[in-house]
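Me: I would like to go through the iron sites of this protein, one at a time. Please show it first.

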Amino acid sequence: MKKSALLAILVLVLAVSTGVLGYLYSTKTVTAPEAVVSPSLAIGDYTDKWAASAHANSASEAFRHWDDSEDGTVPASCAQCHASTGFKDYVGLDGSEALVVDQPAKIGTVVDCSVCHNDYAESNPTVVFPSGLEVASDAGVASCWTCHQGTEGGINGSLDEKIGTTAPDDKGESLAFVNPHYLSVGAMYLGSEANGGYQYEGKTYAGRFEHAEGVQTCTQCHDPHTLHLADPGYAKCQTCHSEVTTYPDQRKVRRTKSDYDGDGDVAESTYDEINGLTEQLLTAMIAYSENIGGTPIGFSENYPYWFADNDGIQDEGEKSYADWTPRLMRAAFNYKFVTRSSGYIHNPTYSAQLLIDSIEDLAAGDSNITLASYVRP
Ligand code: HEC
Ligand code: HEC
Ligand code: HEC
Ligand code: HEC
Ligand code: HEC
């Protein structure tokens, strides 16, 4: 019997016995043979791990956002990643056309076993990114890439489409913040191979982050069920990085020789190099918005993220930012993309390139912005 078929049966048996059947979705009715029930102790471990993870957290905003919708569904444009049925619709496991969600999904599902344990995932297919680029998936991680890819492309995507022919420092009716969405880690990891960031014309960009053997793919680092670092966890990192013993020690690692953020400190960690750049990018965006757009911009971690600001703090009544220019939109896109994908660990080179180019692009439109001596990798 095929491994996936066997696992599917085991998973179903377990699902019945633990009451998670409600999450499962199948187009066929599978009658589970009694024989596989007894030795399935190990499966229970997988289920426990999964049940405590973010993927199973049915109370989280990522699965509850649509609770108040009139028809009780997750719209087709969101269901690919926010409903197990929507995911299976997207990859064609429900018999429908692949790479498109045909219909809204009922609310109430999470990222369940059946999303990752199926023929689609086992076939290591090519995954299509929002930029339109296709990449053959690393073994066993096509599902990760399909959801953790963001929803908007930069250049070659919706960002450039929205900008159209508007001159770099002009404002325009159609201009608005384009959000790359959350945890676009698959796109970050692949760099220019997926083109998830806004890549400036005339520059070259790093492809996937070639880290080291054994810590290259999503599931070589993340346990696919707990989502934390996979067994043996930080002990694995220690074989090469003695400074890493527990979370968040990975933020102490420095392998790069370059002073990306140009602050003169070549001993700080890569995390701090990237953070130094994101801070400078935000400062440059604020200066640019004041000098060129006329209205200073502010950033907050919460929706709508960018607001019209007068003191650096989001006060009640401060509205969503409206005075976008193409340069500001590109910078905002890259800022969100790097900060919400843990760029420092998933692809430090690509992150540094996007951030430096964004700052330099703003400076090209506003001569008051002073550039540090960035070292672009
Ligand atoms: C390509 C996959 C994908 C698509 C399509 C997608 N999302 Fe998401 N979304 C994610 C991932 C991954 C997260 C997890 C982010 C987190 O918890 O920080 C997320 C998180 C969210 C959250 C929770 C944010 C929070 O603060 O916890 C909301 C709300 C959301 N998405 C709304 C939407 C809406 C609305 C749509 C459709 C217009 C949509 N998403 C389409 C992948 C996607
Ligand atoms: C986000 C994707 C994902 C989800 C959700 C998921 N798994 Fe897995 N699971 C994997 C991957 C990937 C592997 C292979 C791990 C490896 O190669 O180290 C795996 C391995 C397993 C294995 C070991 C057998 C094998 O084929 O390697 C079992 C058993 C298992 N999962 C059961 C479950 C059960 C039960 C659930 C739901 C309670 C579940 N999984 C949910 C991705 C997932
Ligand atoms: C069907 C879409 C989907 C698939 C497939 C998927 N994820 Fe997720 N993932 C999400 C969503 C949505 C969230 C946010 C859940 C929440 O906020 O509770 C998330 C959260 C996470 C988190 C954050 C955990 C935390 O504690 O904050 C990690 C890490 C993660 N996923 C890794 C993976 C890996 C590795 C794979 C592949 C083995 C994978 N995901 C497959 C949609 C998906
Ligand atoms: C080298 C090991 C490694 C690899 C490979 C890796 N990750 Fe991560 N990932 C981490 C670590 C460590 C963190 C925690 C970072 C932190 O909190 O500073 C993390 C964080 C995350 C988060 C949460 C981000 C956030 O900001 O909350 C998601 C989602 C995620 N990884 C998904 C993935 C996916 C999908 C892949 C494959 C494309 C992947 N990771 C590959 C080590 C790795
Ligand atoms: C087999 C050796 C090896 C293992 C195991 C390993 N790393 Fe690395 N790590 C490296 C090398 C080599 C680099 C530099 C790669 C480069 O920049 O091209 C690096 C770079 C990094 C960086 C980025 C810093 C930079 O300057 O490039 C982080 C963060 C990191 N590792 C974290 C981890 C974590 C977390 C783990 C455990 C999950 C881990 N590493 C496991 C060898 C390893």
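Reply: Residue numbers run from 1 along each chain as written, with chains lettered from A and ligands numbered from 1 in written order. The model is predicted, so local features need pLDDT of at least 70, side-chain atom pairs need 80 or more, and totals for chains, interfaces and linings use all residues, while side-chain values use heavy atoms, without hydrogens or water.

Me: Which protein donors hold the iron atom of ligand 2?
Reply: Donors are N, O and S atoms within 2.8 Å of the metal (3.2 Å for Na, K and Ca); water is not among the atoms, so sites may look incomplete. Here the protein donors lie 2.0 Å from the iron, through NE2 atoms. They are His-117 and His-225.

Me: What is the arrangement of the six donor atoms around the iron atom of ligand 2?
Reply: Six donors count as octahedral if opposite donors are over 155 degrees apart and all others between 65 and 115. The angles around this iron run from 87 to 179 degrees. The arrangement is therefore octahedral.

Me: How many residues apart in sequence are the parts that His-117 and His-225 tie together?
Reply: His-117 sits in the loop between α6 (113-116) and α7 (119-122). His-225 sits in the loop between α11 (218-221) and α12 (234-238). Helices here are DSSP runs (H or I, at least four residues), numbered from the N terminus. The pair therefore ties together parts separated by 108 residues.

Me: Is His-225 buried or exposed?
Reply: Buried means under 20% relative accessible area, exposed over 50%, partly exposed in between (1.4 Å probe, protein chains only). His-117, at 32%, is partly exposed. His-225 has 16%, so it counts as buried.

Me: Which residues coordinate the iron atom of ligand 3?
Reply: The six donor atoms here subtend angles of 88 to 179 degrees, so this arrangement is octahedral. The protein contributes NE2 atoms at 2.0 to 2.1 Å. They belong to His-55 and His-148.

Me: Which polar side-chain atom lies 2.8 Å from a nitrogen atom of ligand 3?
Reply: A polar contact is a pair of N or O atoms within 3.5 Å. A backbone N or O atom of Ala-54 lies 2.8 Å from a ligand 3 oxygen. Ser-60 has a side-chain N or O atom 3.0 Å from an oxygen of ligand 3. The contact to a nitrogen comes from His-55.

Me: How many charged residues does the shell around ligand 3 have?
Reply: Asp, Glu, Lys and Arg count as charged; Ala, Val, Leu, Ile, Met, Phe, Trp, Tyr, Cys and Pro as nonpolar; the others, Gly among them, as polar. The shell has 11 nonpolar and seven polar residues. The charged count is no residues.

Methods
Tetrahedral: all angles 85-135°; square planar, octahedral: opposite > 155°, others 65-115°. Helix = DSSP H or I, 4+ residues; strand = E, 2+ residues; numbered from the N terminus. Polar contact = N/O pair within 3.5 Å; in protein donor to acceptor, adjacent residues only side chain to side chain.
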